[in-house]
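Please view the sequence and the model alongside the notes.

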Amino acid sequence: MTPDLMEQGAKRVEQYQAALAAKGGNTESGGRAAGFSRLAIPGEVDITHGRILYLEDVSVSFDGFKAINKLSLDIAPGELRCIIGPNGAGKTTMMDIITGKTRPDEGRVFFGSTIDLLRYKESEIAQMGIGRKFQKPTVFEQLTVFENLELALKTNKAVPASMLFRLNSTQSDRLAEILHTIHLADSVSRQAGYLSHGQKQWLEIGMLLMQDPKLLLLDEPVAGMTDEETERTAELFLTLKGQHSLMVVEHDMSFINTISDIVTVLCDGSVLAQGTLAQVQADERVIEVYLGR
Ligand code: ADP
Ligand code: MG
């Protein structure tokens with residue numbers, strides 16, 4: 001390099017540092033102020049910014065119809081967030097976007113502050129620790145409760161698949177703990193096909209828990225459950241809160257009342273209101289579009 005160019009470079013650095021000092025030392029990142037930088041560790045979810053999930057201005061259209069429209073929301077680590085809203089609001093589509101099933105047309109979707117979920121496939125996102133429970137239970141009816149849970153470990157690609165698959169002691173302890181959490185310890189040898197609808201839902205939640213997800217997305221988990229099953233599911237979710245982050249879509253207001261801290265109301269593909277259940281229930285716009293008068 002010629003001394004000329006080096007001098008020019010040194011001048012640029014000086015100017016840059018002077019400009020930085022004038023701004024109070026803050027650098028900019030993607031047009032935003034950034035106080036410090038951090039290395040992204042592959043496979044690790046960085047929650048030091050207090051968010052496990054972050055959606056910003058996400059939109060998706062189906063044949064010209066905007067199912068998700070500039071949707072922004074975030075979830076804190078260990079939070080149990082309830083999502084309510086009328087049919088067609090975009091609740092399931094939002095979960096499709098987070099889990100990589102649907103690609104948004106625009107917007108940002110981050111898992112922690114470093115993992116850009118839009119760069120990954122559905123299977124990779126599941127692998128990173130985002131578990132999803134669809135509305136209908138999807139357990140293996142011919143297999144026992146135990147076998148279903150065991151299988152959930154095998155399908156975890158972090159665990160080597162093998163014909164001679166045996167649970168190690170940590171895994172069997174975890175399985176026993178989960179059996180207890182999902183209230184199925186007494187039904188461990190029962191064929192899943194003979195379980196009640198509610199028990200099948202718990203088993204499927206147990207299967208997700210076997211993979212130790214950081215974030216769990218649950219779409220209408222208590223639909224079709226008896227009152228007693230719904231109450232036990234509320235207890236279950238309250239035990240999961242703190243250990244996992246949860247996003248729960250439901251219509252059952254007494255269930256929401258039992259489990260919720262912050263409730264987000266979705267309507268026409270974006271956030272209409274957010275707050276405690278009491279706050280959103282008192283919101284005129286929410287009453288208008290969802291709760292009715
Ligand atoms: P919610 O779960 O809140 O009831 P959805 O996310 O299922 O709402 O649907 C939001 C809107 O997007 C609905 O009008 C629905 O018909 C439409 N929609 C969802 N998925 C698709 C798709 N794959 N193709 C076309 N339209 C869709
Ligand atoms: Mg839905």
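The structure is a predicted model.

- The shell around ligand 1 consists of Phe 62, Ala 67, Gly 85, Asn 87, Gly 88, Ala 89, Gly 90, Lys 91, Thr 92 and Thr 93.
- Classified by residue type, this shell contains six polar residues, three nonpolar residues and one charged residue.
- Helix α2 (residues 91-98) supplies the largest share of the shell, namely three residues.

- Strand β5 spans residues 80-84, and five of its five residues are buried.
- Cover is present on both faces of β5: Leu 80, Cys 82 and Ile 84 are buried on one side, and Arg 81 and Ile 83 are buried on the other.
- With strand β10 (residues 245-249), β5 forms a parallel pairing over four bridges; Ile 83 stands opposite Val 249 of β10.
- With strand β11 (residues 262-267), β5 likewise pairs in the parallel sense over four bridges; Arg 81 has Ile 262 of β11 as its bridge partner.

**The largest nonpolar core**
- The largest nonpolar core comprises 70 residues, of which Ile 98, Leu 203, Val 248 and Val 265 touch the most other members.
- Helix α6 (residues 197-210) makes the greatest contribution to this core, with seven residues.
- Beyond its neighbours within four places in sequence, Val 265 is in contact with Ile 84, Gly 85, Leu 272, Ala 273, Gln 274, Val 280, Val 286 and Tyr 290.
- Among these contacts of Val 265 is Gly 85, a residue that also belongs to the shell around ligand 1.

Definitions and conventions
Residues numbered from 1 in each chain as written. Chains lettered and ligands numbered in written order. Predicted model: local features only at pLDDT ≥ 70, side-chain atom pairs only at ≥ 80, totals over all residues. Near = placed C-beta within 6 Å. Helix = DSSP H or I, 4+ residues; strand = E, 2+ residues; numbered from the N terminus. Nonpolar A, V, L, I, M, F, W, Y, C, P; charged D, E, K, R; others polar. Buried ≥ 20, exposed ≤ 12 C-beta atoms within 10 Å, placed from the backbone. Pairing = 2+ DSSP bridges. Core = buried A, V, L, I, M, F, W, Y, C linked by C-beta atoms within 7 Å. Contact = placed C-beta atoms within 7 Å.
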